[in-house]
Amino acid sequence: MKKSLIGGALMAISAAVFAQYPTKPVTIVVPFTAGGPTDKVARDLAEALRKPLGGTIIIENVGGAGGTLGAAKVAKAAPDGYTLLLHHIGIATAPALYRSLPYKTLDDFEYLGMVNEVPMTLIGRPSLPANNYAELVKWLEQNKGKVNLANAGLGAASHLCGLLLQSTMKIDMTTVPYKGTAPAMNDLLGGQVDIMCDQTTNTSGQIEAGKVKAFAVTTPQRLKTPSLAQLPTLDESGLKGFNVTIWHGLYAPKGTPAPVMEKINTALRAALKDADFIKREEALGAVVVTDSRVGGAEHKKFVQAEIEKWSPIIKAAGQYAD
């Protein structure tokens with residue numbers, strides 16, 4: 001009888017503690033260096049989360065090893081809701097890119113909800129003879145073995161999109177990896193490489209300025225951004241089912257109490273409806289997630305589907321990050 005009374009008292013105390021969460025600053029770990037696209041999303045989200053969550057939010061950048069160092073830190077953190085992870089598509093591609101991961105993607109995290117998706121565009125050097133997607137396909141066929149496809153490095157969004165593009169089109173290209181988007185874009189502008197598939201956050205300005213040739217977007221629907229609205233989708237252009245976006249999600253260590261996760265998810269849902277946050281994301285070329293994936297269960301299902309989608313493509317390419 002006494003044991004049950006003690007147990008009941010402990011549960012009551014725990015419930016009271018969870019109800020007061022957060023009582024100290026919450027840290028969102030960004031597994032990349034400061035100043036990049038994911039860091040910007042995290043800082044915008046932190047601003048939108050502060051009011052509905054009711055506490056201070058700190059951003060901690062833990063870069064290295066393609067995002068796996070920061071992810072591992074959160075996986076090993078205390079499951080109390082005070083250390084969270086904001087990660088992009090890399091959390092789903094790492095199981096194939098790294099033969100040895102210090103965590104299990106689907107087992108070592110609690111899934112809190114998705115945040116946004118960033119479309120991608122297929123672009124070419126300004127001197128490329130093709131002026132639309134149909135002409136590009138014809139040019140690629142005529143120049144097999146001679147086409148250079150730039151990317152920002154192993155595991156980067158442009159690398160992943162390029163792998164899927166070659167796999168879907170069944171055309172092999174010479175992949176030219178760079179250390180970042182900026183040098184890759186510079187060589188594309190200078191004509192040293194032929195084509196690249198990268199996020200709208202990196203390509204919109206060049207497309208608007210007419211400095212590159214734009215052929216298509218990678219989403220199932222056309223984009224609403226004025227400068228990109230006339231671009232066809234790769235799906236409608238003949239690559240049926242082609243869909244690549246760079247998405248972001250929020251995670252907590254496995255074992256984080258359900259009441260805490262519920263409070264974070266409630267705050268996340270409010271943040272995703274914040275007008276200023278939506279405006280900031282639109283300025284980045286990102287689309288805020290509003291469907292069922294803002295919930296933890298659907299978020300996890302989506303990540304599992306992305307792992308299943310990308311793993312065979314990455315393994316077929318035989319390119320590993322470790």
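Trainee: Is S158 buried or exposed?

Mentor: In this predicted model, S158 is buried, with a relative accessible area of 1%, which puts the residue below the 20% cut-off used for that term.

Trainee: And which helix is S158 found in?

Mentor: S158 is found in helix α6, which covers residues 157–169.

Trainee: What does the side chain of S158 reach?

Mentor: The side chain of S158 reaches the backbone nitrogen of A152, and the distance between them is 2.7 Å.

Trainee: Leaving aside neighbours within four places in sequence, which residues is S158 in contact with?

Mentor: With those neighbours set aside, S158 is in contact with M120, N151, A152, M196, C197 and D198; of these, M120 belongs to strand β5, residues 120–124, while strand β8 spans residues 195–199.

Trainee: Switching to β5, then: how many of its residues are buried?

Mentor: Five of the five residues in β5 are buried, so the strand is mostly covered.

Trainee: Which way do they point?

Mentor: M120, L122 and G124 point one way from β5, whereas T121 and I123 point the other way, and all of them are buried. In a regular strand, side chains alternate between the two faces of the sheet.

Trainee: What does β5 pair with, and in which sense?

Mentor: β5 pairs with β8 in the antiparallel sense over five bridges, and four bridges join β5 to strand β9, residues 213–217, again running antiparallel.

Notes. Residues numbered from 1 in each chain as written. Predicted model: local features only at pLDDT ≥ 70, side-chain atom pairs only at ≥ 80, totals over all residues. Heavy atoms only, no water. Buried < 20%, exposed > 50% of the residue type's maximum accessible area, 1.4 Å probe, protein only. Helix = DSSP H or I, 4+ residues; strand = E, 2+ residues; numbered from the N terminus. Pairing = 2+ DSSP bridges. Polar contact = N/O pair within 3.5 Å; in protein donor to acceptor, adjacent residues only side chain to side chain. Contact = heavy atoms within 4.5 Å.
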